Amino acid sequence: MPHIPSISIPPSKSVPIAYIRKTVVTREIIAADEMGKPCDQITRVAAMAIMRNPYAGIDQQDLSQLFDAGAKLGQSLAAELVKMLDGSPICYGKAALVGSSGAMEHGAAVLHPSLGKPVRAAIGGGKALMPSNHKVGALGSSIDLPLGHKDEPWSFDHIDTITLWVPDAPRMDEIVLCIGMSDGTRANPRVGKGPSTS
């Protein structure tokens, strides 16, 4: 296996607009479950920012440039998603799909260190850990973005998933950064309200 040289890229304190190729947003209004049984209306929204991965093909130890990107995108995307909901945000989650020249850790870098704080600020809370998922995938791959209650991690009714994809992303040197929110539970949840005590 060929050795990949370690190259140091100075961390950037700003994320140029050139990093973002495009942003895709989706909004679902759910009125019934999969069996057709009506439920209280639920709105689920997600935003996907397709950004260039500055570390694609590079063995890089310092990933702080992606920390900065996560913080800036968390702030801008979360503000837009809150406006798209019919009710107050109750659930949230995040995901990153990394193109094939990148590493799973690049997805972790845009999600974990800095993205959560601005999202919590936008929704006015967030005591619970923000559910997350990240993986490396090919062009047009999908990713499951997990949702959970923003303040009650053991609320089974609010554990949900949004499957997302963009047909022309991620390119080999891109990352699809995803943030999702919901103003309700799953449709007709009925698996109990918390962990079993028996």
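Q: Why are H1 and H3 called roughly parallel in this predicted model?
A: Look at the angle. The axes of H1 and helix H3 (residues 116-123) cross at roughly 25 degrees and come within 7 Å. Angles under 35 degrees count as roughly parallel, so H1 is roughly parallel to H3. The crossing of this pair is right-handed.

Q: What makes H1 and H3 a contact, and which residues meet?
A: Contact here means heavy atoms within 4.5 Å. On the H1 side we have Ala 71, Gly 74, Gln 75, Ala 78, Ala 79 and Val 82, and they meet Pro 118, Val 119, Ala 122 and Ile 123 of H3. By class, that contact splits into eight nonpolar, two polar and no charged residues. Gly counts as polar in this scheme, and Gly 74 is among the H1 residues.

Q: Why are H1 and H2 called oblique?
A: The axes of helix H1 (residues 64-84) and helix H2 (residues 104-111) cross at roughly 45 degrees, coming within 6 Å. Roughly parallel needs an angle under 35 degrees, and roughly perpendicular takes 65 to 115. H1 and H2 are therefore oblique to each other. As for handedness, the H1 and H2 crossing is right-handed.

Q: Which residues of H1 and H2 meet?
A: Leu 66, Phe 67 and Gly 70 come from H1, while His 106, Ala 109 and Val 110 come from H2. Sorted by class, the contact has four nonpolar, two polar and no charged residues.

Q: How do you know what sort of lining the largest pocket has?
A: Start with the pocket itself: its volume is about 230 Å³. There are 15 lining residues, and the closest to the centre are Asp 33, Glu 34, Asp 160, Arg 186 and Ala 187. Asp, Glu, Lys and Arg count as charged, and the whole lining comes to seven nonpolar, two polar and six charged residues.

Q: Which strands each supply at least two residues of that lining?
A: Strand S1 (20-32) and strand S2 (38-52) do.

Q: What is the omega of the peptide bond from Ala 169 to Pro 170, and is that bond cis or trans?
A: Omega is near -5 degrees, and the bond is cis. Most peptide bonds are trans. Pro 170 sits in the loop between strand S6 (160-165) and strand S7 (174-182).

Q: What makes Asn 188 worth a look, and is its phi positive or negative?
A: Phi of Asn 188 is near 50 degrees, a positive value in a residue other than glycine. Most residues other than glycine have a negative phi. You'll find Asn 188 in the segment after S7.

How values were computed:
Residues numbered from 1 in each chain as written. Predicted model: local features only at pLDDT ≥ 70, side-chain atom pairs only at ≥ 80, totals over all residues. Heavy atoms only, no water. 1 Å grid on protein atoms, 1.4 Å probe; cavity = no way out; pocket = protein on both sides within 12 Å on 5 of 7 lines; lining within 4 Å. Points joined across faces, edges and corners; volume = space filled by probe spheres on them. Helix = DSSP H or I, 4+ residues; strand = E, 2+ residues; numbered from the N terminus. Axes fitted to C-alpha atoms, helices over the stretch in contact; angles between N-to-C directions. Parallel < 35°, antiparallel > 145°, perpendicular 65-115°, else oblique. Left-handed = near helix turned anticlockwise from the far one by under 90°.
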